[in-house]
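Me: Can you walk me through this one? Charges to begin with, then the fold, then a helix.

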Amino acid sequence: MRKFGLIGHPLTHSFSKKYFTEKFEKEGIEDCEYELYDIPNAFELDEILNDDPEIEGINVTIPHKEDVIAWVDDLEEACEEIGAVNCIHIKDGIRTGYNTDYIGFKNSLSPWLGGKKVKALILGTGGASKAIKQALNDLGIEYLNVSRSEDEDQITYKDLAVDPEIMKTHHLIVNTTPLGTFPKVDGIPAIPLEQFSAEHFVYDLVYNPPVTTLMKACLDAGGKAKNGHEMLILQAEASWEIWNS
């Protein structure tokens, strides 16, 4: 039996397990299984792989995408530049880290924008945001990082409130935080919703619920919004390609 799985914490729900289980059934793949490993610390990956050496591939989700780098043997070149891992291939005992979030987001965003030239605001500074930055860089899209704390590399949510010009000139909003995820569907990043316009695009990496509070605010203002479901499908298929390479 070929074994794959997902590490993260908490794993109250999982797109990956549902997706791969259905994929195996639909495509008649009978020798594969996909399990969930809810671990509070990334170093527990060692115990999982030592206990079950048949595992060939692991997906990585919040909050381990950065910390897990210390527990792989090698990094794919693009992944090394991104600084976050969400896919691990184990072959001959060697663990190689990849970032398929980057692939999924880039291939989902570009056709959605339809060639429109925009500047972006990236909400959040966690592991997912690192893949988003690399994708925007490669697409030639300028961006600002937005966080709760001020830093030389980022602005704060308060800056958006006191300077409306930022939202007026940055029409793509990418939410990389888990705010708004089921069951806490009322959660929303602290951006000034009244500044949304018909010119804005919200790409929310959250996929459950299908329309988040942040997305609805943009849609109500006449803008466009997209959740992270397509990105998840694309990154899952990229993982599958890596595990079978």
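Reply: The chain carries 22 positive and 42 negative side chains, with the centres of the two sets 7 Å apart. Lys and Arg count as positive, Asp and Glu as negative, while His and the chain ends are not counted. A charge is placed at NZ of Lys, CZ of Arg, CG of Asp or CD of Glu.

Me: Where do the coordinates come from?

Reply: This is a predicted model; local features need pLDDT of at least 70, side-chain atom pairs count only at pLDDT 80 or more, and totals for chains, interfaces and linings use all residues. Residues are numbered from 1 along each chain as its sequence is written, and side-chain values use heavy atoms, leaving out hydrogens and water.

Me: How many helices and strands?

Reply: Nine helices and 12 strands, taken as DSSP runs numbered from the N terminus (helices: H or I, at least four residues; strands: E, at least two).

Me: What share of the chain is buried?

Reply: 51% of the 245 residues. Buried means under 20% relative accessible area, exposed over 50%, partly exposed in between, with a 1.4 Å probe and protein chains only.

Me: Now α8. Which residues are buried there?

Reply: Leu 214, Met 215, Ala 217 and Cys 218, in a helix that runs over residues 213-220. The buried residues of α8 fall within an arc of 160° seen down the axis, so they line one face of the helix. The arc is that of the directions from the helix axis to the C-beta atoms.

Me: What covers them?

Reply: The cover includes β7 (120-123), β10 (172-175), β11 (201-204) and β12 (224-226), by contact, meaning heavy atoms within 4.5 Å.

Me: And what follows α8?

Reply: Gly 222, with a positive phi near 95°.
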